[in-house]
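Here is a short briefing to read alongside the model. Keep the viewer open and follow the residues as they come up.

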Amino acid sequence: MSQTATTSITREERKVLAGTLVGTTIEWYDFFIYAQAAGLILSTQYFGPLAADNPALGQIMAWASLGISFLFRPLGAIIAGHLGDRIGRKRMLVLTLILMGAATSLIGLLPTYAAIGVAAPILLTLLRILQGFSAGGEWGGAALLSVEHAPDAKRGIFGAYPQIGVPVGMILATGVIWILTTVLTPEQFASFGWRIPFLFSVVLVVVGYYIRKQVEESPVFAELAERRAESSAPLSTLFRKNTKEVVLSALIFIGNNAVGYMIIAFFAAYASRPLAEGGSVGLERAPVLLATTLASFGWLVFTMWGGALSDRLGRVRTFQIGYILLIVWLIPTFLMIDAANIWMYGIGIFVLTVGMGLSYGPMSAMYAEMFPVEVRYSGVSIGYALGAILGGAFAPTIAETLLAETGSSISIAIYMIVVCIISLIGVSLVKETKGNDLGLTKHH
């Protein structure tokens, strides 16, 4: 590794990295808590009474509420991107952080269907939509703040910090749920325990707000602000000049996001569904949650490695290696889960996170390097949001449907492989971005 890549990180750079990491961690903690709750409690307390004669429909509606928020991420990305390109990354990041935390905390206080009737699922869905809206603007700002502060030779590793918010958020969310299901009885968890993780978001938001207020605005944005006259309509400029980059950035993300939501929302539910309720694996829920939490540490480590590796190999090559690993390992993962052995379950998912990390760590740097600075916030946010809709939004629902139709988990693996192949093709169509100028002189 070069001397440049190993130089010490300055105090301001540490604040930037902390600020981007804490925001994406809170975003994904909030998202994952909802995903866990959708499978454990929301169907019975909010959606089930709407379909009392069909419990399965209540669960489908709960999963749908998980997916529907993704449809509002592009709107959040458009608005936050447009404003972020005009008033700065930092202001938008603070705003989206507060918005996300408020929505999550309110879910923890929301009365159930038994208390307020049909208003309960309606309000829950609206709060979930608010989560999706704020998440749409969160990632793009965090990614750009980290990459635009980075020395040229360390953009990949700097950009990996907002990325590891995913596994850190998952570790927090799954770990909290695991603790609660271990120390509380099922009745206590159903009564009040499930609300605790949502209310805990208040603490995370206060910490995140304090850290983010300390971060200075991106130096590249500061340069842009001095030449504001050059950028009269960032959004219209984006689609007039950079539609190809938006489409490619969306395609690049769908495979990683789809597999990610399988790890987050589907695998644990699939592996721990009781045999008496139609499950095919039948492992105990607490060990499955613990194994999933431990596998998330692999996701964290390999995401950082992916960012660092892309500083040496290049973004495209690192992505390609990651997607090839996912394609090769998906069928073995499902076979290991179906073995109904907790060790096989944990190892299968842990190895899967190698490919997940390599196809996620370099993303911030690559996306930032794909777009000109005057539309960069809008471009990366919208591309990311569209990729999430096409990738993970309804992946658990599609997986559940495939399982019901075919009776085999291999059909899900094939679906995941196809999505990863699409992303592999997408990233292979991108000319290597490593070393691109992030200032105002490039991409005109």
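The notes below go from the whole fold to single residues.

This is a predicted model, in which local features need pLDDT of at least 70 and side-chain atom pairs count only at pLDDT 80 or more, while totals for chains, interfaces and linings use all residues. Residues are numbered from 1 along each chain as its sequence is written, and side-chain values use heavy atoms, with hydrogens and water left out.

**Overall picture**

- The protein has 22 helices and zero strands; helices (H or I, at least four residues) and strands (E, at least two) are DSSP runs, numbered from the N terminus.
- Of its 444 residues, 58% count as buried, where buried means under 20% relative accessible area, exposed means over 50%, and partly exposed lies in between (1.4 Å probe, protein chains only).
- The accessible surface comes to about 16,400 Å², and 69% of it belongs to carbon and sulfur atoms; these areas come from the Shrake-Rupley method with a 1.4 Å probe, and for residues only the protein chains shown count as cover.
- Among contacts with a separation of 6 or more, 86% are between residues 24 or more positions apart, a contact being heavy atoms within 4.5 Å.

**The nonpolar core**

- The largest nonpolar core has 113 residues, and Phe267, Tyr345 and Tyr367 touch the most other members. Helix α15 (residues 243–272) gives the most to this core, with 17 residues.
- Such a core is a set of buried Ala, Val, Leu, Ile, Met, Phe, Trp, Tyr and Cys residues joined through side-chain atoms within 4.5 Å.
- Leaving aside residues up to four places away in sequence, Phe267 touches Met262, Thr333, Phe334, Ile337, Tyr345, Ile349 and Leu352.

- Helix α19 is largely enclosed by the rest of the structure, because eight of its eight residues are buried. Tyr367 and Glu369 are among them.
- Ser359 sits in the loop between α18 (342–358) and α19 (363–370), and Ser359 is buried, at 0% relative accessible area.
- A polar atom of the Ser359 side chain lies 2.8 Å from the backbone oxygen of Gly355, and the Ser359 side chain also reaches the backbone oxygen of Met356 at 3.3 Å.
- Beyond residues up to four places away in sequence, Ser359 touches Asn256, Phe319, Gly322, Tyr323 and Leu326.

**Salt bridges**

- Side chains of opposite charge can pair when their charged atoms come close.
- A search of the whole structure finds six salt bridges, each a side-chain nitrogen of Lys or Arg within 4 Å of a carboxyl oxygen of Asp or Glu.
- Glu148 pairs with Arg376, with the closest N and O atoms 3.0 Å apart. This pair links distant parts of the chain, 228 residues apart, with Glu148 in helix α7 and Arg376 in helix α20 (residues 376–390). Both Glu148 and Arg376 are buried.
- Glu400 and Arg273 meet in a salt bridge at 3.1 Å, N to O. Here too distant parts of the chain are linked: Glu400 is in helix α21 (residues 395–406) and Arg273 is in the loop between α15 and α16 (285–313), 127 residues apart. Glu400 counts as partly exposed, at 24% relative accessibility.
- Arg315 and Asp311 form another salt bridge, their closest N and O atoms being 3.0 Å apart, and both residues are buried. Salt bridges that share partners join Asp152, Arg155, Asp311, Arg315 and Glu369 into one network.

**A nonpolar surface patch**

- Ile116, Val118, Ile122, Leu123 and Leu126 form a nonpolar patch on the surface, with about 410 Å² of accessible area together.
- Patches are made of residues with over 30% relative accessible area and no salt bridge; nonpolar side chains (Val, Leu, Ile, Met, Phe, Trp, Tyr) are joined within 5 Å, and like charges within 9 Å.
- Helix α7 (residues 119–148) supplies the largest share of the patch, three residues.
- Val118 lies in the loop between α6 (113–116) and α7 and is partly exposed, with a relative accessible area of 45%.

**Two more residues to look at**

- Ala340 has a positive phi of about 60° although it is not a glycine. Ala340 is in the loop between α17 (315–338) and α18, and counts as partly exposed at 38% relative accessibility.
- Gly379 lies in helix α20 and is buried, with a relative accessible area of 0%.
- Gly379 and Ala368 are 11 residues apart in sequence and 8.7 Å apart in space, C-alpha to C-alpha.
- Not counting residues up to four places away in sequence, Gly379 touches Leu238, Ser249 and Phe371.

How values were computed:
Polar contact = N/O pair within 3.5 Å; in protein donor to acceptor, adjacent residues only side chain to side chain.
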